[in-house]
Amino acid sequence: CSENVYNIYVQTNERKGTQLIFCDLGTPKTGADINNTTYGRLIKSLVQKGINRDEIAVIHEAKTDIQKSDMFAKVRRGMYRILIGSTDKMGAGTNCQDKIVALHHLDCPWRSSDIEQREGRAIRRGNKNKHVDIYRYVVKNTFDAYLWQIVENKQRFINQVMRCDVGIRSYEDADETVLSFAEIKACAMGDERIKEKMELDIKIQKLSALKASYTKNKLSFEDIIRKFPVEEKVVSDKINAMKSDILLRDSNSDKPFSMKINDEIFIERAKAGKLIIALLHNDNMHNKVIGEYKGFKIKIKSLYDIELKGNRTYNVGISIDAVGMVRRIENVINEIENDIEMYQNKLDSLRRNYNSAKEGINKTFEYEDEFAEALVRQRELERELELTENTQTENIEM
């Protein structure tokens, strides 16, 4: 950690880049010598590499809110280049982000929310740097990796809940997960079983997500197959109705323009449109048929809505221009073919989905055997670790 901190310190010297180091282990105690703590050893290593001690601050040295505010102000100005502290002391409420270029997790906290709080001190509005380096440190052959896995599992579950995901269906209290005595002992002794269990846990999580997706897809296939006959008929009936409307339109298309409004025949678009607009503003004419064009009934629904009724109903947009109003009616009738194309595409899509659903519903989960074997082995490892724990307890009691 001190090596990374020093290198970044040198690289960002011109712009006075600052860094945060979080550590919840070996924190300084009131009245204790800081040199005998993890913090003291870290500071000593940083000073030996060439960082001035006056540029390193420890949050625990600030005893009051005023002292904290002063310390944060000095970090914002780059007077303190390194700030070291615990999640509790330096998490929420720390406002010193202006020049932060890197953040270091010297250990792993229990809660994913603690990591979010830590990193939120640097990745936030007000930081003048577009990029912040995040470092996480893990010691080989310790249970550091297992701690990070636990936090990862918690956060994955939280994310699934927030997304309303169908993956894992239940989970223990995310913030109450703790290592058993047996797991700590296995980790400390380099027991290969704990490594195998970690790998199995990850594998089972992935397979569980795949199994949940498979189940969700199967339910979706059943839904598609069940709804298909009705949906296909509805869309097919619409297509057939529009084809009949095309025949109706074409049978009346060889004549000059003629539109009936209020039992009066108009051969001029402007006059027909002017009367339609007038009728739109007459509340007594709403929800009434006012005329006919090329075999289609013209019905006013409201001040802003006109319908054309043939074998099927078509909506017409309103225009304040008399000729434009009539043109909109003509365009709707002349573009029925476009509607047919849209519904034909929808029908084709329904049929493709139906055929895919028929194929997919009979497929088995391809990882079923692998999933079952992993679950059996996971339970075996859990029993073995539980036996180890029981033996440890019995020896202590003796």
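Predicted model: local features only at pLDDT ≥ 70, side-chain atom pairs only at ≥ 80, totals over all residues.
Residues are numbered from 1 along each chain as its sequence is written, and side-chain values use heavy atoms, with hydrogens and water left out.

Let me start with the overall picture. The protein has 12 helices and 11 strands, where helices (H or I, at least four residues) and strands (E, at least two) are DSSP runs, numbered from the N terminus. Of its 398 residues, 39% are buried; buried means under 20% relative accessible area, exposed means over 50%, and partly exposed is in between, with a 1.4 Å probe and protein chains only. Contact means heavy atoms within 4.5 Å, and among the contacts with a separation of 6 or more, 67% join residues 24 or more positions apart.

Now back to Asp114. With a relative accessible area of 12%, Asp114 is buried, and, not counting residues up to four places away in sequence, Asp114 touches Thr87 and Pro109.

A second residue to look at is Val132, which is found in the loop between α5 (112-120) and β5 (133-136). Is Val132 buried or exposed? Val132 counts as buried, because its relative accessibility is 17%. Leaving aside neighbours within four places in sequence, Val132 is in contact with Ile100, Val101, Ala102, Leu103, Ala122 and Asn127. Val132 and Ile100 are 32 residues apart along the chain, and their C-alpha atoms are separated by 7.1 Å.

Next, the nonpolar cores. In soluble globular proteins, nonpolar side chains tend to be buried together. A nonpolar core is here a set of buried Ala, Val, Leu, Ile, Met, Phe, Trp, Tyr and Cys residues joined through side-chain atoms within 4.5 Å. The largest one has 34 residues, and those that touch the most other members are Met259, Ile276, Ile298, Ile306, Leu308, Met325 and Ile329. If we take Ile306 and leave aside its neighbours within four places in sequence, its contacts include Ile276, Leu280, Ile298, Tyr314, Val316 and Met325. There is also a second, separate core of 16 residues, and Val75, Tyr80, Cys96 and Ala122 are among them.

Let us turn to how the helices pack. Two packed helices are described by the angle between their axes and the distance between the axes. The axes are lines fitted to C-alpha atoms, for helices over the stretch in contact, and the angles run from 0 to 180 degrees between N-to-C directions. Angles under 35 degrees count as roughly parallel, over 145 as roughly antiparallel, 65 to 115 as roughly perpendicular and the rest as oblique.

Helix α9 (residues 269-280) and helix α10 (residues 322-334) pack at an angle of about 90 degrees, with their axes 7 Å apart, and they are therefore roughly perpendicular to each other. Their contact includes Ile276 and Leu280 of α9 and Met325 and Ile329 of α10.

Helix α8 (residues 192-251) and helix α11 (residues 336-360) pack at about 160 degrees with their axes 9 Å apart, so α8 and α11 are roughly antiparallel to each other. Here the residues of the contact divide into 15 nonpolar, 4 polar and 11 charged, where Ala, Val, Leu, Ile, Met, Phe, Trp, Tyr, Cys and Pro count as nonpolar, Asp, Glu, Lys and Arg as charged, and the others, Gly among them, as polar.

Helix α1 (residues 2-11) and helix α2 (residues 38-49) pack at about 45 degrees, with their axes 9 Å apart, and that makes α1 oblique to α2. In this pair, Ser2, Glu3, Val5 and Tyr6 of α1 meet Leu42, Ser45, Leu46 and Lys49 of α2.

Glu366 lies in the loop between α11 and α12 (368-397) and is exposed, with a relative accessible area of 67%. Glu366 and Lys211 are 155 residues apart in sequence, yet 9.2 Å apart in space from C-alpha to C-alpha. Asn262, in the loop between β6 (259-261) and β7 (264-266), is not a glycine but has a positive phi of about 50 degrees, and Asn262 is partly exposed at a relative accessible area of 40%.
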